[in-house]
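Biologist: Could you take a close look at the salt bridges in this model, and at how accessible the residues are that form them?

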Amino acid sequence: PIGAAMTDYALESNGGSVVLTTASDDNYPGENIVDGKESTFWMTTGLYPHEFIISLEERQQISKVKLWSSHVRKLTVEKCESSSCDRFEKVFEVELQDKPNRLQTESQQCNFKAKFVKFIIGSGWDDFCSINKVSLT
């Protein structure tokens with residue numbers, strides 16, 4: 001039906017999980033990226049680049065990638081169709097504008113199949129950045 005909600009494959013409740021992060025802080029774990037809340041987040045720990053990988057329950061067709069974050073400057077998104085998570089291909093690269101005191105929201109229409117989606121933060125507007133939420137529909 002027109003206007004029907006699209007399934008967000010990144011959500012933990014739909015089988016999405018964060019299988020790798022390049023920064024670890026018990027207060028801001030990678031799982032916060034897929035909990036569906038904008039109020040929780042994963043925090044980087046200084047020097048760039050940083051990356052995280054989201055595993056989907058099964059290979060899915062993705063038409064939109066949306067990211068809620070703070071202080072991310074250069075972002076690259078890559079996909080992997082195989083279940084072995086060994087070969088990634090670039091989907092898009094974008095430079096985000098900084099939004100002091102509020103979340104950045106970046107939305108990209110795309111068309112790809114993936115079992116894993118890798119997000120690479122190449123640079124930031126600050127020493128640290130946060131990823132609050134990712135949506136893959």
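Modeller: A residue is called partly exposed when its relative accessible area lies between the 20% under which it counts as buried and the 50% over which it counts as exposed. By that scale glutamate 93, at a relative accessible area of 43%, is partly exposed, and so is lysine 74, at 35%. In this predicted model, the side chains of these two residues, lysine 74 and glutamate 93, meet in a salt bridge with an N to O distance of 4.0 Å. Because lysine 74 belongs to strand 4 (residues 72-80) and glutamate 93 to strand 5 (residues 89-95), the pair ties together parts that lie 19 residues apart in sequence.

A further salt bridge joins lysine 79 to glutamate 89, with the closest N and O atoms 3.6 Å apart; here, too, the lysine is in strand 4 and the glutamate in strand 5, so that parts 10 residues apart in sequence are tied together. Lysine 79 counts as buried at 12% relative accessibility, whereas glutamate 89 is partly exposed at 45%. Both residues also take part in a network of salt bridges that links Arg59, Lys79, Glu81 and Glu89.

Elsewhere, lysine 118 forms a salt bridge with glutamate 51, the closest N and O atoms being 3.7 Å apart. Since lysine 118 lies in strand 6 (residues 104-124) and glutamate 51 in strand 3 (residues 50-70), this pair ties together parts that are 67 residues apart in sequence. Lysine 118 is buried, with a relative accessible area of 15%, while glutamate 51, at 21%, is partly exposed. The pairs described here are among the eight salt bridges that the structure holds.

Terms used: Residues are numbered from 1 along each chain as its sequence is written. This is a predicted model: local features need pLDDT of at least 70, side-chain atom pairs count only at pLDDT 80 or more; totals for chains, interfaces and linings use all residues. Side-chain values use heavy atoms; hydrogens and water are left out. Helices (H or I, at least four residues) and strands (E, at least two) are DSSP runs, numbered from the N terminus. Buried means under 20% relative accessible area, exposed over 50%, partly exposed in between (1.4 Å probe, protein chains only).
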